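Subject: Structure for your review

Dear colleague,

Please find below the structure that I am handing over to you. My findings follow directly after it.

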Amino acid sequence: MTNNNDRPTKNERRQHAREVARQRADAEKRRKRRNRWFLQGGIGVGIIAIAAIVAIVIVNVNNANTVSATGPKNMATGAIQFTGQDGKVTPVTTGNVTANGSATPVPTKNASGAAAVTEYVDWACPVCKQFEAAYADQILDKVKSGDATLAIQPVSILDRSYQNSRYASRAANAAMCVANYAPDKFLDVQTQFFENQPEEGTKGLTNAEIAKLVKAGGATGSNVSECLSTEQFKGWVTKSTQAVTSNPALQGAQGFGTPTVVVNGKRLDTLTDVISAIDAASK
C-alpha cells in the first residue's frame, strides 16, 4: 500500500516538467549547433575541394596549351618570309615563338625600299588556289628582282567546308611542319597542295594523302613525317589563326577571308590590283 505522503506534490511535478523541457530545449540547441557547424564546415570543405579541382583543371589546360602552342621555326612573325638572293627566292631563317609568346608583327616596310608583301592563305581555300594560279609567278618574279619581299602566313578557317574532318587545320599544320623542317621546300609544297586541292563538301585529304603531297614537294625526313602524324603545331595553328582573324586591320566588309594580301601594311580590297600595288610601293 502506497503512502500518499511519498507522492510528489503538484508544485514538484510542475517543476520537474519544466526541468525536463529545459533539458530537451538545451539538447535541441546543441543538436542544431552541431548540424550548423557540420553544414558550414562541409560547404567550406566542398568549396575548397571545388576550388582545388578548378585550379588543377586550369593548370592542366594551361600546361596543355603551353606544350601544344609552340610555334614553328622560321615563322617568328607568324609567317614564313622570303627574299630575293642571286635571282632566287630564299626563305628567311628565324627562331620560333615560345608557347607563352606572341609573334612579332609582320614587317610593313623594308629598308631597301622593296615592297613588303604578306599573304594570308588557307591551303583548303579555292579562292587562294585561284589567286596563286593568277599571281604567284608574277609576285615571285618581283621577289627575285629585289622589288619585293614575300611573307606567307598559313591560317585555318575552312574546316567547316570539309565535313568536320579538320582538313584545313591539318593542311595548315603541314605548312608549318614544312616551314620548320624544310623551309626551302615551302613554296613547292604549297604548289602541290593547291594543284591537288580537294573539293569543298568532301572530307578533304587523309593524313596519308597530306604526307604524300608534302613528300612530292620535296620535304622529306623523319622529322617532317612525325610532325605531320602528331600534328606538332596543332596548337599554334589555332593560336595564330585566332590572332589573324581577330585583327581589325585585316577585316574586310564581310570580316576576315582568304586570301588576304597586304602590301606595305595596307590591305588590298581588290586582289587584281596586287601587282600594281607592289609596283607602286616599291618605287
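Strand E3 (115-121) is mostly covered, with 7 of its 7 residues buried; buried means under 20% relative accessible area, exposed over 50%, and partly exposed in between, for a 1.4 Å probe and protein chains only. Both faces of E3 are covered: Ala115, Val117, Glu119 and Val121 are buried on one side, and Ala116, Thr118 and Tyr120 on the other.

Please note that this is a predicted model, in which local features need pLDDT of at least 70 and side-chain atom pairs count only at pLDDT 80 or more, while totals for chains, interfaces and linings use all residues. Residues are numbered from 1 along each chain as its sequence is written, and side-chain values use heavy atoms, with hydrogens and water left out.

The sheet around E3

E3 belongs to an open sheet of 6 strands with mixed pairing, in the order E2-E1-E4-E3-E5-E6. Strands are DSSP runs (E, at least two residues), as are helices (H or I, at least four), and both are numbered from the N terminus. Two strands pair if DSSP finds at least two bridges between them. At the edges are E2 (88-91) and E6 (266-267), each of which pairs on one side only.

E3 and E4 run parallel and are joined by 7 bridges; Val117, for example, has Leu150 in E4 as its bridge partner. E1 (residues 80-85) and E4 (residues 148-154), by contrast, run antiparallel and are joined by 3 bridges. Here Gln81 has Ala151 in E4 as its bridge partner.

The helices

Helix H2 (residues 126-144) lies across E1, E2, E3, E4 and E5, at about 145° to E4. Helix H8 (residues 274-281) lies across E3, E4 and E5, at about 20° to E5. Axes are lines fitted to C-alpha atoms, for helices over the stretch in contact (heavy atoms within 4.5 Å), and angles run from 0 to 180 degrees between N-to-C directions.

Helices H3 (residues 167-181) and H7 (residues 234-245) pack at an angle of about 105°, their axes 9 Å apart. H3 and H7 are therefore roughly perpendicular to each other, a class that spans 65 to 115 degrees, with under 35 roughly parallel, over 145 roughly antiparallel and the rest oblique. Ser169, Ala172, Asn173 and Met176 of H3 meet Lys234, Trp236, Val237 and Ser240 of H7 in this contact.

The whole chain

The protein chain has 8 helices and 6 strands, and 38% of its 283 residues count as buried.

Yours sincerely,
A colleague
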